Amino acid sequence: MEIKYKNTLNNLIIYVYGELDECSASNAKNILDKLLLNNVNTKKVIFDLSGLSFMDSTGVGLLIGRYKKLSQFNIPSYISGASINIEKVIELAGLYKIMPKI
């Protein structure tokens, strides 16, 4: 699991690579929480999942948790680049209802 990011036009784009599952979720949570806390002035956050090869329900829970944190600061969050397999997990979980596809 690897996480990279960039700021563009007051938007924070977070790139997630590898597998987002029970084994990697704790480390990913710590990284993402620090990153989001340091960027509370951003206008929106986009989670780019194009580099993600696997995600299970733990990954869904991680994204929902980050959505809740961002909502406290009135920062909308979005998902982009999900593969067909990852997109199926996202759709089944109803994640696109709170974090739209962009």
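Tutor: Accessible areas here come from the Shrake-Rupley method with a 1.4 Å probe, and for residues only the protein chains shown count as cover. This is a predicted model, where local features need pLDDT of at least 70, side-chain atom pairs count only at pLDDT 80 or more, and totals for chains, interfaces and linings use all residues. Residues are numbered from 1 along each chain as its sequence is written, and side-chain values use heavy atoms, with hydrogens and water left out.

Student: What does the accessible surface of the chain come to?

Tutor: About 5800 Å², with 51% of that belonging to carbon and sulfur atoms.

Student: And how many residues of the chain count as buried?

Tutor: Buried means under 20% relative accessible area (1.4 Å probe, protein chains only). Here 43% of the 102 residues qualify.

Student: Which residues touch the most other members of the largest nonpolar core?

Tutor: A nonpolar core is a set of buried Ala, Val, Leu, Ile, Met, Phe, Trp, Tyr and Cys residues joined through side-chain atoms within 4.5 Å. In this one, with 26 residues, they are Ile14, Val45, Phe47, Leu49, Met55 and Ile90. Strand E3 (44-55) is among the elements that supply at least two residues, and its five residues are the largest share. Helices (H or I, at least four residues) and strands (E, at least two) are DSSP runs, numbered from the N terminus.

Student: What is isoleucine 90 in contact with?

Tutor: Contact means heavy atoms within 4.5 Å. Leaving aside neighbours within four places in sequence, isoleucine 90 contacts Leu49, Met55, Ile79, Ala82, Leu95 and Tyr96.

Student: What pattern does the chain follow along the sequence?

Tutor: It reads β-β-α-β-α-β-α, with three helices and four strands.

Terms used
Buried < 20%, exposed > 50% of the residue type's maximum accessible area, 1.4 Å probe, protein only.
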